[in-house]
Amino acid sequence: MPVRSIALVDCNNFYVSCERVFRPDLQNKPVIVLSNNDGCAVSRSNEAKALGVKMGVPVFQIRDLVKEHGIEVFSSNYVLYADMSNRVMTLLRQFAPDQEIYSIDESFLELTGLPNIAELMQTVREQVKRDTGIPVCVGVGPSKTLAKLANFVAKRHPKSKGVFNFNTLTSQQMSSVLRNIPTEEVWGIGRKLTAALNDMGIVNVLQLRDADVPSLRKRFGVVMEKTIRELRGEACIEFEDVTPSKQQIINSRSFGNMVTELADLEDALSHFVSNAAKKLRDQNSVANMLQIFILTNRFRQDQEQYSPHLAIPLITPTANTMTLQKYALQGLKVIFRAGYHYKKAGVILSDISNASVYQADMFASVPEKPELMQTLDRINQRYGKGTLKLSLDGSRHSWKMRQENKSPEYTTNWNELPVCD
């Protein structure tokens, strides 16, 4: 029986790489991409990392560094990144019988039984780079956890040429590699768990792999046991060919500027409801519970604080944007208080069930018909997001997030296509 071979393909500094595809002049230059409202660095080129730019650092703290070294700064361009991700994932699908898209820039591939895996993965890197412009690294191992660690090695050791395979190592070589990787790099081991393990003297992956399973399970739970078994080469976390439906959908955002007017909050909340309802329909689900919230800025101690939350049970489960907006706006009028400076708002859809199997309201006079929402979704899918939308859905701009350094949507907007002179 062949050794299990699972690959993790990870895009390098993904947001930065997307920007560089259309700006080749940025190659070998320090580049960072910021979070919502141009707050913190969420993607950094290797050159920016070498200058000391830390992940998550607020941009105002590194303004002098940015100016001194000419670091290029971009606002997040999520439309561009999503489209580039789809292109990469579609390419990867042809190289393996099974694929699991783990995140916007990571994908697991099932390679068990395939010949010449090292050569195949180099082909993957070359084709993705050639067809999309995005550089990737590949880690291969007998389990997902080891594949993630192999990818960690592939990114940091030039001799690997972007591909590292644990399955080709001897037992002694394997131990040597794991001894040099800190426990914090293991998939699922966060800061608190790392600190607890370090207090026990477990500071590297080899020590964690060889630790006593029963005692660690007793202290940290079954997930820790699975992690250790995965480090020992036993695949405990299987592929998910179909992403399970979400049981809770949240859509919220911090505003670019403080909001004080009810009309602005209504516009923002309607937009968030629209986004959440679309996600609900995409997974063929309906929600039984709608929750809304508005928040002031807790960091502004000079301003009065007010952070209400309201849960609204729905008599009939729905994914209809208009119905959800109606209830959300009614709830907003209940919790809104004038005189406050609001920084954030959001909606939560929960108690989610399949759209074809739910308890309807026998007293409803006119049952909802899905045709209108289906038509809206089809038009937006064909002509682009936001082509057709409800009147109260992001039409005001006072709450929009800051994107002072946003690049064009090169691949999804006819008016922003790259032009060759």
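This is a predicted model: local features need pLDDT of at least 70, side-chain atom pairs count only at pLDDT 80 or more; totals for chains, interfaces and linings use all residues.

**Exercise 1.** Find which residues of helix α5 are buried and which are exposed, and work out how they are arranged around the helix.

*Solution.* 
- Step 1: Locate the helix. α5 covers residues 117–132, and its 16 residues reach 22 Å from the first C-alpha to the last, close to the 22 Å expected.
- Step 2: Pick out the residues under 20% relative accessible area. In α5 the buried ones are I117, L120, M121, V124, Q127, V128 and T132.
- Step 3: Ask why they lie on the same side of α5. These residues cover an arc of only 125° around the axis, so they share one side of the helix. As a reminder, an α-helix has 3.6 residues a turn, so residues three or four places apart point the same way.
- Step 4: Turn to the other side, where E119, E126 and R130 are exposed.
- Step 5: Look for the packing partners. The buried residues of α5 pack against β1, α1, α4, β7 and β8.

**Exercise 2.** Describe the open sheet formed by four strands, and say which helices lie across its strands.

*Solution.* 
- Step 1: Write down the strand order, which is β9-β12-β10-β11 with antiparallel pairing.
- Step 2: Note the twist, which averages 15° from one strand to the next.
- Step 3: Zoom in on one pair. β10 and β12 are joined by 11 bridges, and T296 stands opposite Y342 in β12.
- Step 4: α12 lies across β9, β10, β11 and β12, at about 155° to β9, while α13 lies across β10, β11 and β12, at about 30° to β10.

Key: Residues are numbered from 1 along each chain as its sequence is written. Side-chain values use heavy atoms; hydrogens and water are left out. Helices (H or I, at least four residues) and strands (E, at least two) are DSSP runs, numbered from the N terminus. The expected span of a helix is 1.5 Å times one less than its number of residues. Buried means under 20% relative accessible area, exposed over 50%, partly exposed in between (1.4 Å probe, protein chains only). The arc is that of the directions from the helix axis to the C-beta atoms. Contact means heavy atoms within 4.5 Å. Two strands pair if DSSP finds at least two bridges between them. Axes are lines fitted to C-alpha atoms, for helices over the stretch in contact, and angles run from 0 to 180 degrees between N-to-C directions.
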